[in-house]
Amino acid sequence: MRTPLNPQPPTGPRPGVPPARRGSDWMFGGVYGTVLASALLAALDREGGPYLPFQDALWILVTAVAGGLAHGYAHHMAEHRTDSAAHRWRLLVRALWTEWPIVAATAPTVLLLVLAGFAGWDSTGVTAVGLGLNTALLFALGSYVALRVRYRIGSALLIGLADATIGLVIIVANAVLK
């Protein structure tokens, strides 16, 4: 019972503050970052040219950070607010921070390239392994998040397959374009 002596806090989000991210929201960043890493891995593979896996890893990481910042900034700017400048800055920082899954999703590819640099692996094999790994990660991420947001197992696997199809498209494009 709510009385002046026993106030209850509001149950919804605070006014002017976007709700916290849910599983389906960070799925976007995970899929986007994994697809970004795959596309860059395929594009940076220079057949016949010098293989620079450390530089490629850095490019993927820099691109993911820039993409995440641009995406968060675009979302922030799309919502015009008349709040105080300090509040708008806090919302901007929060919008930028919520893009961390894009950067985190590139970690397996970046790690693979760093390992390739230390181990001296060839670019063709690293690209093939990286594209295959990212396609499997797209399937796993899509299925896992779908299960978390309460899809049935069959539907969750189909969502994972749809996500993995994006990775397969990059693999085919890489084969056709090279």
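The axes of α2 and α5 cross at roughly 165° and come within 8 Å, which makes α2 roughly antiparallel to α5. Axes are lines fitted to C-alpha atoms, for helices over the stretch in contact, with angles from 0 to 180 degrees between N-to-C directions; an angle over 145 degrees counts as roughly antiparallel. Helices are DSSP runs (H or I, at least four residues), numbered from the N terminus.

This is a predicted model, in which local features need pLDDT of at least 70 and side-chain atom pairs count only at pLDDT 80 or more, while totals for chains, interfaces and linings use all residues. Residues are numbered from 1 along each chain as its sequence is written, and side-chain values use heavy atoms, without hydrogens and water.

**The contact of α2 with α5**

- The crossing of α2 past α5 is left-handed, a term for a near helix turned anticlockwise from the far one by less than a right angle.
- On the α2 side, the residues in contact (heavy atoms within 4.5 Å) are Pro53, Phe54, Asp56, Ala57, Ile60 and Leu61.
- They meet Thr109, Val110, Leu113, Val114, Ala116, Gly117 and Phe118 of α5.
- By class, this contact of α2 with α5 has ten nonpolar, two polar and one charged residues.

**Nonpolar cores**

- The largest nonpolar core has 17 residues, of which Leu40, Ile60, Leu113, Val126 and Leu131 touch the most other members.
- Such a core is a set of buried Ala, Val, Leu, Ile, Met, Phe, Trp, Tyr and Cys residues joined through side-chain atoms within 4.5 Å.
- At least two residues of this core come from each of α1 (23-44), α2 (53-78), α5 (107-119) and α6 (123-148), and α1 gives the most, with six residues.
- Another core, of five residues, lies apart from it and includes Met27, Val31, Leu138 and Leu141.
- Beyond residues up to four places away in sequence, Ile60 touches Ala37, Leu40, Leu41, Leu44, Thr106, Thr109, Val110 and Leu113.

- Not counting residues up to four places away in sequence, Asp56 touches Leu44, Arg46, Tyr51 and Leu113.
- Val114, in helix α5, counts as partly exposed because its relative accessibility is 25%.
- Leaving aside neighbours within four places in sequence, Val114 is in contact with Phe54 and Ala57.
- The C-alpha atoms of Val114 and Leu58 are separated by 9.3 Å, and these residues are 56 residues apart along the chain.

Note on methods. Buried < 20%, exposed > 50% of the residue type's maximum accessible area, 1.4 Å probe, protein only. Parallel < 35°, antiparallel > 145°, perpendicular 65-115°, else oblique. Nonpolar A, V, L, I, M, F, W, Y, C, P; charged D, E, K, R; others polar.
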